[in-house]
Each structure stands twice: as structure tokens, then as C-alpha cells.
Amino acid sequence: GFNHVLKGTVVARSSGGYFYVAPENIQKLKKEQSELLDKKEEIVYEHCKIFSSAMHKALPFLKFINGAFDVFDAYCARVFTAKSADFEFVLPSGGSNLKLANFAHPALKNPKSISIDFSKKVLLITGVNAGGKSMLLKSLIAAAFLAKYLLPMRINAQNSQIGNFKEFDAIIEDPQNVKNDISTFAGRMVHFSKLFTKKNLLIGVDEIELGTDFEEAASLYGVMIERLISQDIKMIITTHHKRLAMLLAKNPDVELVAALYDEENSRPKFEFLKGTIGKSYAFETAARYGIAANLVAQAKKIYGEDKENLNEIITKTLNLEVQLKEKLESAEKKEQKLDSLIENLKEQKERAEAEQHEVITRLEREYFKAINEARRAINLDDTKEKQRALNRANEAKRAVQKPEISAPPQLKVGDRVKYGKIKGVVASLSKNDAVIQTDNVSMRVPINQLKISGETPAPPKKSGINLSVQKPQNASVTLDLHGLRADEAVQKLDKFISDSLVMGFDEVQVYHGIGTGKLAYAVKNFLREHPSVKEFFDAPAGQGGFGAQIVRL
């Protein structure tokens, strides 16, 4: 009954008597829309078939390029991490040597850098409790792991060497728990039993003596470790077993390292000494962590005087070895200085001999010329010609430039002098010689070969201190070190920071460039050790990026 008003179809009727009508025009539009969408899907499907067919031919290349981009992304992430944190990369080398220089464990917030050369098969670490034995073990394994998977680390890569290992393993945690239903010692034996079928493995064993009688364990572990050495397995072990250490010390493939203790301050040094067995300092550690002094004293009494005396001998031996090591280092430095001085003296002698030979040759040539003129005058018959020839001979004689002999300098003890390239201070004087002091090395040299190289330092005043700091004339908040050698750059950077502190600058910028990285490495090392530098970091991209450092003072 609505056809004369609205052409359409009744689709529903409400409970109130109303009708829901779909107009004919709208239904027609919907039908056309549906047909168009179907055609669109058919067209898209055909294009997808064509595109897929074309891409299917290049599928192997697409898989390759996808994997290559994944690898490239991973390398980029490593490089950016290294740049932002001032880390370095160490590529694994052939063999199994582990030589670390200034390595810092990545899990520690403010780690103390360690340097160690582990070239043998077993590294046995003994010494003071809470002295860094476990951290040294973990640092060696972590460094080898990071190098194997090309991950950046805080290390002096130039002086480090890390071998290539097929597998890594660690026996650190106590295997005893409800789930495993096994004792500590039994769990460790299970773990050790699996090692006898492996090769080219780096393993760390922390507190190897846990879980059983130390006398029996020392003999058992000694035999097992010697067997594992024959299988090309490299081991890092921490222990308090003096008996185990003494048994293994006879093996040339075992290297001993002792964690050191500062007896004066009653604290571990977190330093290590190679070639010796360390003392545990259990009583001292207990007292430091709150155990009552009377309990510690009673324990020492029970422990026995003989054993305590043995520990005292070990302690004195360690202290003597530390002192000997320091003296050896001092002697090596002095020897290097002496070698340098000898080399400078050889160069100076050769140069002086060359100059002397040149002067003698010149004098011989000039005097020979004058003598020849005089001889020619004798053979002339004409008196006037003879006179002229004699005049020329006299002129040639007067023209001879004789070397000037300068008077020796007036010196006194304490004067700064220079002997060739060598600088020093006069320590004593005699008639013709002087003893000069240069870098704790004394030399006796002729006085006439010395030159005064600076003013004699004024003696310190007995009372009153007057400190006058002159501000630099041309102060700047930026320093450009491009083109300088590392030692020149560090010297210039030191003066720049001093001037900046005097001027009151709290933030400056240093440009070192990228280049080979040697200059950047020297600059960062200097900034890291400078006591007045709070922090430093790479500059923003618009201000130099990786080639510059923002330094906060």
C-alpha cells in the first residue's frame, strides 16, 4: 500500500505497528557496491599472483638479504654500544692463551680493572676471603665469552689476547636442593664426570673444596685435574685448600695466583700476586664482618700456634714477594732509563766525533791552501810577485776559522743542567767533572760539556704561603687536538683542563677526531684518570659526534 509513496521492500515490523522498509534505490546501490568489491578482490588477487610468481624466483636471494640485514643490524648494535660506553673489541686468536689488560667485568657498577696473563692450562687462585677470587674467575670466563661472540667490553684491546674456545662451563652454584635430591659433593662429581669426554673447553670451578673432607678431596681433585689437563681443557679454580695447591704447584701446567690482603688497613686489596699460595685470613675476615673479638681470639687458640705460625710465614712470604715485585719493577724502570741514557750518550758521542772530524778536515784544507800559497811564493823569481804571494798566504792564514773554546759554565750544586739531550740537576762538583742526577740515575760528566738549562729553584720559604694564580689570557671552552701525537695531545689537554679550572668553567669540549682511534683512546684514558673530571661523554652529532668529548669539571 506504500508503492505510490516509496518503492521498496518491508524487511521487518515493530511491536508498535511500525514497518522497517529498505528503499529500492538503496538496495540497488548496495548490490552495485558488492559487485564492485568482488571485482576489486579479483583484481588484487590477480596482481598478487603475478607479484608472488615474480618474487618466488628471487626467494633464495630474499632469504639471503634478510639474514644479511639481521647480521648487519647486530654488528651495528655492537658498534654503537661500544662507542657509547667507550668499550673495545678483542677478536679471538689461535691457541688458548688468556691475557687481559685493564679488563672490567660488565656486571659490576664500578669495577676495579684487572690485568693477568693466563697462558698455562690451570689457574689456581688462593688467598683472602672476599678478596675477588670468584670475580677474577668470572672475569676470565666473561672476557673469553665476549670475545667469542664479538661483543664489546671495557678492556685495553691493544695489550690483550684471548684464545678461542669451543665451549664454556662453570661449577659455581651448590647443586644441593630438594629438586635435585643430591648432596653438594655428589652433585659436583656428576658435573666433573661429564667433563672427561670434552675438549677445547674453558671451565671455572669456584670453591672446589666444598662438600667433603679436604684431605681426601685434595688427592681426588689433584688426580682429576691432571687428567683434564691432558684433554686440552683450560681450568680456573678458586680454593682455600693449601694441600691441593701444594700438590698442583709441582705441575708445570699449573699457575698459582694469590689474592692479597692489606694488613695495615685490615681489608682485601683486590689485587693478585702470581707464583705463590695465599692465606685465607679467615679470622681477620670474621672480625671485619662483626664476629666478637673474644670469639676470634678463642678460635685462634684452638687453631693452634703451630698452624698460626705457618700462616704467619706464608703472610711474610707474600709481603716479601710483593716488596720484591715492586723492587723488580723499579729496577726494570731504572734499567730502561739507563738504556735510554746510554743510547743518547752513544748518539751524542757519534755526533761529536762527526763534528770534530768535519772541523779537522776544514782546518786541514784551509791551512793546506795557505801553505801552498807560501810555497809558491818561494819558487817565484820576481820580488813583487813573491810579496803578493806571501800576502795571499797570510790572508788565507788569517781567514782560517779556528773553533772557539767556550769557558766552562759556572755551576753550583742544585743547578739545572743539560748534557746533550739529557736533563738533570747538579748533585756534586769537582775540578773538571760534575755528578748530575736524572730520574734517580747519577752520571759523572765533564763540566765543559754541560749547559745551564733553567733557573735554579728558589729555596722554600720558612713561614707564610703566598699562592698567586694568574688567569690565562686567551681562555676557551673548546680544544682542538687534530693532527697531534698522543703525547703532545695529552700535554696540551692537561694544560687546557688546568686553565679551565682556573677560569671556573664547569663544562668544556675537546675535539680529537676519529682517525685510527689512537688519539681518541689516549684522550679518554687521560680524562678517565684525571681527578678533576666528573664525567665525559661523546658530543652530539651536530657538535662532533664520536670525534669529540663533552667534559664536565
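Is Glu 255 buried or exposed? Glu 255 is buried, its relative accessible area being 9% (buried means under 20% relative accessible area, exposed over 50%, and partly exposed in between, with a 1.4 Å probe and protein chains only).

## About the model

This is a predicted model, in which local features need pLDDT of at least 70 and side-chain atom pairs count only at pLDDT 80 or more, while totals for chains, interfaces and linings use all residues. Residues are numbered from 1 along each chain as its sequence is written, and side-chain values use heavy atoms, with hydrogens and water left out.

## The open sheet

Let us turn to the strands. An open sheet is formed by six strands, in the order S7-S8-S9-S5-S10-S11, and the pairing is mixed. Its edge strands are S7 and S11, each of which pairs on one side only. On average, neighbouring strands of this sheet are turned by 15° against each other, direction ignored. Here helices (H or I, at least four residues) and strands (E, at least two) are DSSP runs, numbered from the N terminus, and two strands pair if DSSP finds at least two bridges between them.

S7 and S8 run parallel and are joined by five bridges. Within this part of the sheet, Phe 168 stands opposite Leu 202 in S8.

## Helices on the sheet

Helix H3 (residues 133-148) packs on the sheet, where it touches strand S5 (122-127), S7, S8, strand S9 (233-238), S10 and S11. Contact means heavy atoms within 4.5 Å. The direction of H3 makes about 160° with that of S8. For such angles, axes are lines fitted to C-alpha atoms, for helices over the stretch in contact, and the angles run from 0 to 180 degrees between N-to-C directions.

Helix H5 (residues 214-229) also packs on the sheet, touching S5, S9 and S10. The direction of H5 makes about 150° with that of S9.

## Salt bridges that reach the sheet

How many salt bridges does the structure hold? There are eleven salt bridges, each being a side-chain nitrogen of Lys or Arg within 4 Å of a carboxyl oxygen of Asp or Glu. One of them joins the side chains of Glu 167 and Lys 198, at 3.7 Å from N to O. Glu 167 lies in strand S7 (residues 167-171) and Lys 198 in the loop between helix H4 (184-193) and strand S8 (201-205), so this pair ties together parts that are 31 residues apart in sequence. Glu 167 is partly exposed at 30% relative accessible area, and Lys 198 is partly exposed at 25%.

Back to Glu 255: its side chain meets that of Lys 274 in a salt bridge (2.7 Å, N to O). Because Glu 255 lies in strand S10 (residues 254-262) and Lys 274 in strand S11 (residues 267-274), the pair ties together parts that are 19 residues apart in sequence. While Glu 255 is buried, Lys 274 is partly exposed, with a relative accessible area of 39%.

## A helix pair and a network

Lys 495 forms a salt bridge with Asp 499, with their closest N and O atoms 2.9 Å apart. Both residues lie in helix H11 (residues 486-503), four residues apart, or about one turn of the helix. Lys 495 is exposed at 55% relative accessibility, whereas Asp 499 is partly exposed at 23%. Elsewhere, salt bridges that share partners join Asp 86, Lys 524 and Arg 528 into one network.
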